[in-house]
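Thank you all for coming.

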Amino acid sequence: MKYTHILWDFNGTILDDVQTGIKSINTLLERRNLPIIPDESYYKDVFTFPIINYYKRLGFDFSKEPFDIIAHEWVKEYMENVKDAGVNDGVMHLLERLKSAGIRQYILSATQSEMLDSQLGFLGIKEYFENCYGLDNIYAESKTALGKKMISDLNPQKALLIGDTSHDYETALEMGIDCVLCACGHMKKEDLVKCSCFVFDSIKDVEKYIFDTI
């Protein structure tokens, strides 16, 4: 089999939390009398990594209010709103199929570790993953260093990262592993296709690619 290790991004790839993110950030914008995000299309136009640059695009002024305060406020809103979010279509089927095929699965996320663990527990899918790697802070800066540390225990030639953003592609590139992106999450397809990897419209399409490749 070509791939023996699958690394999943979490937010936007496994978790269908785009609307959760919009609702949470709009609450913060409204409190500061800043223009809100009108729709999902606009959100995907402005979303970027590191997250602090996304906030800047939305009009937050860190010379007046520290990013740390805003980040903690967002986490509070997000953790309340995310209770209504489920997994993306096709995720459960692919998780189960990979498990049945004996392929080892991991999560590599820019989410803070404790938040990630809480969400996996709430969704009831923790059992599918051999290990889950999240950041030690809430600022979602980059998971590249975490990925490079993680890959030391894997065979890069047999590992695939599934993500939904250009940052996932950049992370996979630094790790020396293959990557596929799904346009079901936080970035629009027009931006994803600029990455030198396969881009799919759904997790079901990702599944077909993985098992046709194997």
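Let me begin with a question for you to keep in mind while you look: are Tyr55 and Phe60 buried or exposed? Both of them are buried, and we will come back to that pair once we have an overview. Please remember throughout that what you see is a predicted model.

First, the chain as a whole. The protein chain contains 10 helices and 6 strands. Its radius of gyration is 17 Å, close to the 17 Å that the globule rule gives for 214 residues, and therefore the chain is as compact as a globular protein of that length. If you draw a box along the principal axes, the C-alpha atoms fill roughly 55 × 35 × 30 Å. Of the 214 residues, 53% count as buried, and the accessible surface comes to about 10100 Å², with 49% of that surface belonging to carbon and sulfur atoms. When we take the contacts with a separation of 6 or more, residues 24 or more positions apart account for 67% of them.

Now to the sheet. The 6 strands form an open sheet, and if you trace across it you meet them in the order S3-S2-S1-S4-S5-S6, with parallel pairing. At the edges are strand S3, residues 131-135, and strand S6, residues 198-200, each of which pairs on one side only. From one strand to the next, the twist averages 20 degrees.

Helix H5, residues 91-100, lies across S1, strand S2 (104-112) and S4, and runs at about 155 degrees to S1. Helix H6, residues 113-123, packs on the sheet as well, touching S2 and S3, and its direction makes about 125 degrees with that of S2.

Let me turn to the aromatic residues, which bring us back to the opening question. A search of the whole structure finds 12 aromatic pairs. In one of these, the rings of Tyr55 and Phe60 have centres 5.2 Å apart and planes at 45 degrees, so the pair counts as tilted. The rings of Phe200 and Tyr209 have their centres 5.5 Å apart and their planes at 40 degrees, so this pair is tilted too. Phe200 is buried at a relative accessible area of 15%, and Tyr209 counts as buried at 17%.

There is also an aromatic cluster, made up of Tyr43, Phe47, Phe49, Tyr54, Tyr55, Phe60, Phe62 and Phe67. Phe60, one of its members, is found in the loop between helix H3 (51-57) and helix H4 (67-81), and it is buried with a relative accessible area of 6%. Which residues does Phe60 touch, leaving aside its neighbours within four places in sequence? It is in contact with Ile25, Leu28, Leu29, Arg32, Leu34, Tyr55 and Ile70.

Thr165 lies in the loop between S4 and helix H8 (166-175), and it is buried with a relative accessible area of 3%.

I would like to finish with two details of the backbone. A cis peptide bond joins Phe49 and Pro50, with omega at about -5 degrees, and Pro50 has its place in the loop between helix H2 (40-46) and H3. The other detail is Asn33, whose phi is near 60 degrees, a positive value in a residue other than glycine. Asn33 sits in the loop between helix H1 (18-31) and H2, and at 72% relative accessibility it counts as exposed.

Conventions. Residues numbered from 1 in each chain as written. Predicted model: local features only at pLDDT ≥ 70, side-chain atom pairs only at ≥ 80, totals over all residues. Heavy atoms only, no water. Pairing = 2+ DSSP bridges. Helix = DSSP H or I, 4+ residues; strand = E, 2+ residues; numbered from the N terminus. Axes fitted to C-alpha atoms, helices over the stretch in contact; angles between N-to-C directions. Contact = heavy atoms within 4.5 Å. Rg over C-alpha atoms; globule rule 2.2 N^0.38 Å. Buried < 20%, exposed > 50% of the residue type's maximum accessible area, 1.4 Å probe, protein only. Areas by Shrake-Rupley, 256 points an atom, 1.4 Å probe, with all protein chains shown as cover. Phe/Tyr/Trp six-rings, centres within 6.5 Å; stacked < 30°, edge-to-face > 60°.
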